[in-house]
Amino acid sequence: MHIARRTLLGAVAGSAALGAVAGASPAPADAAEVSAAAAALARLLPRHRQQVAFRTVARKGGADAYRVTGRTGRITVEGTTPAVQLTGFHRYLRRTAHAHFSWNGEQTALPDRLPAPAAPVTGTANAVHRFVLNDTSDGYTGPYRDWAAWEREIDVLALHGFNEVLVYAGADAVYHRTFLEHGYGEAELRDWIPGPAHQPWWLLQNMASFGGPVSDGLLARRTALAQRIVDRLRELGMTPVLPGWFGTVPPDFALRNPGARVVPQGDWGGGFRRPDWLDPRTPHFARVARTFYRVQEELLGAAPMYKMDLLHEGGTPGDVPVSDAARAVEEALQSARPGAVWAILGWQENPRREILDAVDRSKMLVLDGLSDRFPKVTDREADWGGTPYAFGSIWNFGGHTAMGANTPDWAALYDRWRTKPGSALRGIALMPEATGNNPAALALFSDLAWTDGPTDLAAWFRQWSVTRYGAADPHAARAWDVLRRTAYGTTRADSWSEAADGLFGARPDLAVTHAGTWSPRRLRYDAAEFEKALPALLAVAPGLRGSSAYRYDLMDVARQCIANRSRLLLPRIKAAHDAGDRARFDGLTRQWLDWMTLLDQVTATDAHHLLGRWAADARAWGATPAERDTLEYDAVSLLTIWGPRAAADGGELHDYANREWAGLIGGLYRLRWKTYFTELSDALAAGRSPKPVDWFALEERWTRERPPFPSSPRGDIVRIARTVASRL
């Protein structure tokens with residue numbers, strides 16, 4: 001796409017929607033805009049594509065809006081952008097046709113002729129900013145996804161009403177080309193850039209190089225993918241949010257650029273040297289910034305919003321005043337992109353108050369990652385001096401497969417914070433560290449931006465059970481009411497926003513309480529109550545079991561039931577060991593390993609719970625056997641050791657991205673626990689202390705030399721889930 005057109009569409013996408021659709025007249029629209037929603041429908045529902053007409057209408061009054069009307073087999077969708085039209089159509093599907101799309105499964109068993117809505121289906125956004133994706137998403141969701149996967153992701157995001165999408169793909173090529181103009185050679189820059197799985201933390205200025213080097217061919221292929229992503233977003237009237245530049249430079253920048261002043265940033269994660277930071281007050285910073293934004297526009301076009309986290313997770317300003325640095329970063333952005341918004345994550349102590357006090361707050365958006373995390377968060381207007389912010393949720397860390405989210409906090413806080421006098425809340429920010437999990441949470445959170453007044457959770461989940469499977473069913477309603485009160489009934493009162501991970505994925509220890517170092521130490525709901533959801537799902541009417549949505553939910557609930565069993569069984573194993581009862585210890589550990597076998601079988605039924613697929617996706621990007629091996633190691637190491645020994649052990653990053661996937665469970669996780677239990681049993685028999693195990697050495701060896709695992713799903717989840725239910 002021509003750069004001028006990219007810039008124009010980006011400006012259109014980034015402007016606030018301007019009015020309700022009711023009563024608005026159709027406006028002349030770009031042909032590409034008119035066809036974008038129809039093209040999406042052709043991908044999603046090809047059999048019904050001729051039954052829906054999409055119309056772009058003029059904006060009035062400041063809000064995106066849609067209106068769906070029509071008769072049987074002839075539906076008209078009006079909306080302020082193609083993406084908003086898709087949002088309206090999806091709302092019609094959910095309300096009228098009891099169908100929907102999601103990250104995980106869909107229900108599209110529709111009649112030959114689409115049903116007529118009983119009354120116009122209308123919606124008006126209460127939030128200008130509907131931001132989605134975490135900085136870490138490219139790593140933990142799928143660093144080696146192809147265009148087909150991204151195309152599907154964008155369609156799903158549009159259907160759910162989002163209008164601002166973080167795009168990290170292609171940033172590696174931007175940095176590479178930028179620093180070729182500032183004293184560096186092509187090969188040394190490729191050595192500096194990490195593998196795609198680890199690039200998010202490089203862009204956050206946490207680390208460099210690990211998982212690389214990247215090849216010229218890989219940079220070119222990733223650039224081509226990024227161009228397709230941003231082009232599609234603009235076609236739909238959505239904003240690609242691109243990374244801005246705030247001073248990250250390769251090693252020895254001052255030697256290559258005499259007179260430059262850099263501030264060393266020390267270490268991150270126990271084993272990574274952070275990239276140096278170029279003093280933003282200096283002419284060298286201004287020159288590099290000009291190059292960066294020029295190269296970025298040449299490759300990806302301009303955008304109305306840029307994501308930057310100055311001094312993220314322990315970065316140090318040295319003797320550079322933070323306020324001066326913030327002003328200089330902002331000046332460089334505004335010089336290159338007048339009027340652009342600086343998006344910054346609200347996380348830990350970020351953004352520092354010195355940053356907010358130094359910049360034009362009207363051109364900053366804080367993406368609050370702690371809205372549903374800490375009960376002490378009550379007044380963001382005071383915390384951030386009235387800076388516009390988005391109500392956010394990070395319900396998932398590292399791509400953990402645990403079910404759950406603090407939905408009562410969303411229902412209790414969002415509308416109240418948005419409507420209070422003097423509110424600075426201007427949007428929502430959906431930021432799980434990995435997508436592709438908790439489809440109910442995706443739907444509920446995205447609905448906040450299109451709902452007037454508070455959300456009635458009981459009513460919402462009751463309707464969700466109908467939408468999810470295609471018709472009302474008492475057993476489906478019962479299952480989802482159980483899930484509402486358990487996994488989706490947790491709150492921030494305990495200062496957690498994510499569900500507890502299972503213990504099968506933890507480094508073995510009889511007293512272990514969590515797999516990821518920063519994960520909850522206990523289950524945040526009643527496991528016995530949660531288990532009631534499984535027989536309820538299994539009792540759903542046979543005619544409603546045909547959708548991928550039903551199969552996913554059955555898999556996910558069965559998986560979670562088994563994962564929760566790990567917290568009941570491990571204390572019994574410990575008690576047997578501490579009592580010196582080897583026979584009981586061996587019997588209980590056999591049960592543990594049997595549960596792991598069943599868990600591997602459950603997850604093997606879903607395409608997105610396969611380590612084999614994750615590895616195959618990475619290898620598909622390589623051009624040579626050596627490159628394929630490098631990329632596979634980059635992808636798999638993120639899930640196991642994360643980084644080198646110092647980071648995995650000293651920084652405790654091992655298993656940060658643990659997940660209950662077929663291949664991981666039956667491979668590394670089973671190997672670790674079997675090794676551990678065997679040693680403890682042998683020690684009991686010999687009356688000696690158990691020998692220590694070098695877990696990193698075992699994990700590193702397995703990460704590099706493990707056997708291949710299937711990349712396609714296998715097994716009947718209904719049959720396997722019945723087995724799970726019978727053993728609970």
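Is arginine 485 buried, exposed or partly exposed? Arginine 485 is partly exposed, because its relative accessible area is 35%. Here buried means under 20% relative accessible area, exposed means over 50%, and partly exposed lies in between (1.4 Å probe, protein chains only).

This is a predicted model, in which local features need pLDDT of at least 70 and side-chain atom pairs count only at pLDDT 80 or more, while totals for chains, interfaces and linings use all residues. Residues are numbered from 1 along each chain as its sequence is written, and side-chain values use heavy atoms, with hydrogens and water left out.

## Salt bridges

Side chains of opposite charge can pair when their charged atoms come close. A salt bridge is a side-chain nitrogen of Lys or Arg within 4 Å of a carboxyl oxygen of Asp or Glu. That rule gives 55 salt bridges.

| Pair | Closest N to O distance |
|---|---|
| Glutamate 297 and arginine 337 | 3.4 Å |
| Arginine 485 and glutamate 529 | 3.1 Å |

Helices (H or I, at least four residues) and strands (E, at least two) are DSSP runs, numbered from the N terminus.

Aspartate 172 sits in helix 6 (residues 171-180) and arginine 222 in helix 9 (residues 216-235), so the pair ties together parts 50 residues apart in sequence. Aspartate 172 and arginine 222 are both buried.

Next comes glutamate 297 with arginine 337, a salt bridge at 3.4 Å. Glutamate 297 belongs to helix 11 (residues 283-300), and arginine 337 to the loop between helix 12 (322-336) and strand 14 (341-346), so this pair ties together parts 40 residues apart in sequence. Glutamate 297 counts as partly exposed, because its relative accessibility is 23%. Arginine 337 has 8% and therefore counts as buried.

Arginine 485 returns as the salt-bridge partner of glutamate 529. The pair links distant parts of the chain: arginine 485 in helix 18 (residues 474-485) and glutamate 529 in helix 19 (residues 527-530), 44 residues apart. Glutamate 529 is at 18% relative accessibility, so it counts as buried.

Salt bridges also form a network. It links Arg507, Arg645, Asp649, Asp655, Arg672, Asp694 and Glu699.

## Aromatic rings

A pair of aromatic rings is described by the distance of the centres and the angle of the planes. Rings of Phe, Tyr and Trp (its six-membered ring) pair if their centres lie within 6.5 Å; planes under 30 degrees apart are stacked, over 60 edge-to-face, and the rest tilted. The count is 49 aromatic pairs.

In one of them, tyrosine 469 and tyrosine 550 have ring centres 5.6 Å apart and planes at 80 degrees, so the pair is edge-to-face. It links distant parts of the chain: tyrosine 469 lies in helix 17 (residues 457-469) and tyrosine 550 in helix 21 (residues 548-578), 81 residues apart. Both tyrosine 469 and tyrosine 550 are buried.

Tryptophan 673 and tyrosine 676 are also an edge-to-face pair, at 6.0 Å centre to centre and 80 degrees between the planes. Both lie in helix 26 (residues 664-686), three residues apart, about one turn of the helix. Tryptophan 673 is buried, with a relative accessible area of 0%. Tyrosine 676 counts as buried at 13%.

Ring pairs also build a cluster of Tyr140, Trp201, Phe210, Trp268, Phe272, Trp518, Tyr633, Trp642 and Tyr656.

## Charge over rings

A charge sits over a ring if NZ of Lys or CZ of Arg is within 6 Å of the ring centre and within 35 degrees of the ring normal. Arginine 659 lies over the face of tryptophan 614, 5.3 Å from the ring centre. Arginine 659 also lies over the face of tryptophan 661, at 4.7 Å.
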